Amino acid sequence: MKFAIVLVACLLAFAYANEEADVLKEFSEVNAEDFKYALELSNSIKAQQEGHLEADKENWVVKGEYEFDTKDGKHVKVSYTADDHGYHPTVQQ
């Protein structure tokens, strides 16, 4: 569930840009117990995330970051971790 929340947060950053963009770089690797992906678009949006299933096979630990430019020209970068204790973002502007 927390994985889905983190993924939605990244997708909201993409939707916020609300413009057409070309994919400059894209990478994904998804396995049963871990995953990674990275994406870079021509409109200054970048995202990367990786995670793994804990030894208990019930909880995911995810870390990642995304960055974008706001409509008023400010650059925003969000780094985060998510685990069984919640979503822990750090925002740099």
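I will go through the sheet in this structure, then its salt bridges. Keep in mind that this is a predicted model.

Let me start with the sheet. It is open, it has six strands, and the order is β1-β2-β3-β4-β5-β6, with antiparallel pairing. At the edges are β1, residues 23-30, and β6, residues 86-92, and each of these pairs on one side only. From one strand to the next, the twist averages 10°. As a reminder, strands of a sheet pair through backbone hydrogen bonds, either parallel or antiparallel.

Strand β4 covers residues 60-69 and pairs with β5 in the antiparallel sense over eight bridges. In that pairing, V62 stands opposite A82 in β5. The two strands form a hairpin with five residues between them, and G73 in the turn has a positive phi of about 90°. Strand β5, residues 75-83, then pairs with β6, again antiparallel, over seven bridges. Here S79 stands opposite T90 in β6. The hairpin joining β5 to β6 runs through two residues.

Is Y66 buried or exposed? Its relative accessible area is 10%, and the cut-off for buried is under 20%, so Y66 is buried. Y66 and Y80 are 14 residues apart in sequence, and their C-alpha atoms are 8.9 Å apart in space.

On to charges. Side chains of opposite charge can pair when their charged atoms come close. How many salt bridges does a search of the whole structure find? It finds three.

Take K25 and E40, where the closest N and O atoms are 3.9 Å apart. K25 is in strand β1 and E40 in strand β2, residues 34-41, so to speak of sequence, they are 15 residues apart. K25 is exposed, at 55% relative accessible area.

Next, E50 and K63 meet in a salt bridge at 4.0 Å, N to O. E50 lies in strand β3, residues 46-53, and K63 in β4, so the pair ties together parts that are 13 residues apart in sequence. E50 is partly exposed, with a relative accessible area of 36%, and K63 is partly exposed too, at 46%.

The remaining pair is E65 with K77, with 3.7 Å between the closest N and O atoms. E65 counts as partly exposed at 22% relative accessibility, and K77 is partly exposed at 23%.

How values were computed. Residues are numbered from 1 along each chain as its sequence is written. This is a predicted model: local features need pLDDT of at least 70, side-chain atom pairs count only at pLDDT 80 or more; totals for chains, interfaces and linings use all residues. Side-chain values use heavy atoms; hydrogens and water are left out. Two strands pair if DSSP finds at least two bridges between them. Helices (H or I, at least four residues) and strands (E, at least two) are DSSP runs, numbered from the N terminus. Axes are lines fitted to C-alpha atoms, for helices over the stretch in contact, and angles run from 0 to 180 degrees between N-to-C directions. Buried means under 20% relative accessible area, exposed over 50%, partly exposed in between (1.4 Å probe, protein chains only). A salt bridge is a side-chain nitrogen of Lys or Arg within 4 Å of a carboxyl oxygen of Asp or Glu.
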